[in-house]
Amino acid sequence: MKWDALEEEPCSVARTVAVIGDRWSLLILRECFLRRRRFEAFQSSLGITRHLLAARLKKLVQYGVLRRIPYQASPKRYEYILTQKGLDLYPVIMSIVHWGDTHMVDARGRPMLHQHKSCGKMFDPLMVCSECGEPLLAKGVHVHPGPGARPAPRAAAERATKAKKPVRAA
């Protein structure tokens, strides 16, 4: 797979990595979920160069993850707001947070706690089956090809072999 062609792969992970698969894009998204919206706020919080930040913001806008809204006319300045497509990345970010809180925390503990506004409780994100509500674990899931999958390599090779067989004269 070529890095610049990931978005064309018939794989949801590859297509997603094409959009958010670098460290700066993920950290910019983290900042967006922490309600930061302005270029200077991203730069100050992340310590990223202006050039890199501008490139990542442009990419996230192009893919429809963020939208750019002017907040000042002279000089022209913009806020970057999560679109619905961007908001739909929240479970992805929270899964990364949970993994980090479980496996990368030091003796001081978690750097941030998350409180659910509805019930008021601190929580850990949990991925559950949309059908039965049970927690999802890797060993409890089977994967099947979907309608957008490419043909299995063996089946494609067999078709190619059959197509190359010589025709016998009668």
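## Surface patch

Met 127, Leu 136, Val 141 and Val 143 together make a nonpolar surface patch of about 390 Å². A patch here is built from residues with over 30% relative accessible area and no salt bridge, joining like charges within 9 Å and nonpolar side chains (Val, Leu, Ile, Met, Phe, Trp, Tyr) within 5 Å. A salt bridge is a side-chain nitrogen of Lys or Arg within 4 Å of a carboxyl oxygen of Asp or Glu. Areas are from the Shrake-Rupley method with a 1.4 Å probe, and for residues only the protein chains shown count as cover.

Leu 136 lies in the loop between helix H6 (90–103) and helix H7 (153–164). Leu 136 is partly exposed, at a relative accessible area of 35%; buried means under 20%, exposed over 50%, and partly exposed in between (1.4 Å probe, protein chains only).

## Basis of the model

The model is predicted: local features need pLDDT of at least 70, side-chain atom pairs count only at pLDDT 80 or more, and totals for chains, interfaces and linings use all residues. Residues are numbered from 1 along each chain as its sequence is written, and side-chain values use heavy atoms, with hydrogens and water left out.

## Overall fold

The protein has seven helices and two strands, in the order α-α-α-α-β-β-α-α-α along the sequence. Helices (H or I, at least four residues) and strands (E, at least two) are DSSP runs numbered from the N terminus.

Of its 170 residues, 22% are buried. The protein exposes about 13,200 Å², with carbon and sulfur atoms supplying 57% of that area.

## Ser 45

Ser 45 sits in helix H3 (residues 39–46) and is partly exposed, with 33% relative accessibility. Leaving out residues up to four places away in sequence, Ser 45 touches Arg 30, Glu 31 and Arg 36, where contact means heavy atoms within 4.5 Å. Ile 28 is 17 residues from Ser 45 in sequence and 9.5 Å away in space, C-alpha to C-alpha.

## Largest pocket

The largest pocket holds about 1,100 Å³ of space. Of its 34 lining residues, Phe 33, Leu 34, Tyr 90, Met 94 and His 114 are the closest to the centre. A pocket is an open set of points on a 1 Å grid over the protein atoms alone, where a 1.4 Å probe fits, with protein on both sides within 12 Å along at least five of seven lines; lining residues have an atom within 4 Å of a point. Points are joined across faces, edges and corners, and the volume is the space filled by probe spheres set on them.

Helix H2 (23–33), strand E2 (77–82) and H6 each supply at least two lining residues. H6 gives the most, with eight.
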